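These are my notebook entries on a structure that I am reading for the first time. I record what I looked up, entry by entry.

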Amino acid sequence: MGLRFPPSGFTDRTAARAGVRYASWLRRAGGLVIDLLILSMIDYLLINLLVIVTGPISSSLIHLIYYLSIFSVVDIAYATLCLAKLHGQTPGMRMVQVRCVPVSQRGGLSIPQAFTRSVVADLVTAVPLLFHARYTFLMLVPTIAFLWPLIDQRRQTWWDHAAVTVVLDDRGW
């Protein structure tokens with residue numbers, strides 16, 4: 001299908017006339033589920049390899065911090081490299097035909113933009129897990145973040161806002 005970007009100079013008011021279609025929440029969620037399955041396999045292999053090498057960990061809090069730090073590094077590296085090097089798509093995004101592009105410029109995502117998007121997404125979703133036993137209300141943060149595109153004009157998540165990106169429906173380009 002080839003890499004195509006929205007017409008230059010589109011704004012929120014002229015997006016529909018310019019043919020820009022923001023990705024729906026269901027497509028974004030579908031891509032996320034596929035990416036989570038891929039990441040789960042990678043994380044599973046890494047954790048089992050580390051348990052074989054270092055042995056089991058006894059403390060549950062240290063266990064949680066240890067595994068979340070590994071998951072976070074893998075998740076950030078996966079998202080950053082895929083978005084920056086695969087024309088704004090992870091494998092899950094490619095399967096559901098959505099693409100992440102910069103809001104204000106033509107061209108693909110830069111590595112700093114992809115890294116910012118990945119780090120903010122990981123902080124919003126992973127950090128509340130550390131405190132879930134003591135502060136259950138913190139689990140509202142990732143829930144609100146995942147549902148945010150339903151009320152946002154451009155269907156952006158918090159990490160899209162932080163990296164100044166938008167996710168577009170790639171079927172029509």
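Why is E1 largely enclosed by the rest of the structure? I find that 5 of the 5 residues of E1 are buried, so the strand is largely enclosed. Buried means under 20% relative accessible area, exposed over 50%, and partly exposed in between (1.4 Å probe, protein chains only).

Entry on sources. I note that this is a predicted model, in which local features need pLDDT of at least 70 and side-chain atom pairs count only at pLDDT 80 or more, while totals for chains, interfaces and linings use all residues. Residues are numbered from 1 along each chain as its sequence is written, and side-chain values use heavy atoms, with hydrogens and water left out.

Entry on the overall layout. I listed 6 helices and 2 strands in the protein. Helices (H or I, at least four residues) and strands (E, at least two) are DSSP runs, numbered from the N terminus. From the N terminus on, I read the order of elements as α-α-α-β-α-α-α-β. The protein has 173 residues, of which 36% count as buried. I then looked up contacts, meaning heavy atoms within 4.5 Å. Among those between residues at least 6 apart in sequence, 68% join residues at least 24 apart.

Entry on the strands. I found 5 bridges joining E1 (residues 98-102) to E2, and the two run antiparallel. Two strands pair if DSSP finds at least two bridges between them. Across the pair, Arg 99 stands opposite Leu 168, and Pro 102 stands opposite Thr 165. In E1, Val 98, Cys 100 and Pro 102 point one way and Arg 99 and Val 101 the other way, and all are buried. Strand E2 (residues 165-169) is mostly covered, with 5 of its 5 residues buried. Thr 165, Val 167 and Asp 169 point one way from E2, and Val 166 and Leu 168 the other way.

Entry on the cores. Which residues form the largest nonpolar core? I count it as listed: 10 residues, namely Ala 23, Leu 83, Ala 84, Met 93, Val 96, Val 98, Cys 100, Leu 109, Ala 114 and Val 167. Helix H2 (60-85), helix H3 (91-96) and E1 each give two or more residues to this core. Such a core is a set of buried Ala, Val, Leu, Ile, Met, Phe, Trp, Tyr and Cys residues joined through side-chain atoms within 4.5 Å. Apart from it lies another core, of 7 residues, among them Leu 39, Val 74, Tyr 78 and Cys 82.

Entry on Gln 156. I located Gln 156 in the loop between helix H5 (140-147) and helix H6 (158-163). Gln 156 is buried, with a relative accessible area of 4%. Its side chain reaches the backbone oxygen of Thr 165 at 2.5 Å. Leaving aside neighbours within four places in sequence, Gln 156 is in contact with residues including Arg 28, Trp 148 and His 161.

Entry on helix H1. I read H1 (residues 25-54) as 30 residues reaching 41 Å from first C-alpha to last, close to the expected 44 Å. The expected span is 1.5 Å times one less than the number of residues. In H1, Arg 28, Gly 31, Asp 35, Leu 39, Asp 43 and Ile 47 are buried. An α-helix has 3.6 residues a turn, so residues three or four places apart point the same way. After H1 comes Gly 55, whose phi is positive, near 90°.

Technical notes. Polar contact = N/O pair within 3.5 Å; in protein donor to acceptor, adjacent residues only side chain to side chain.
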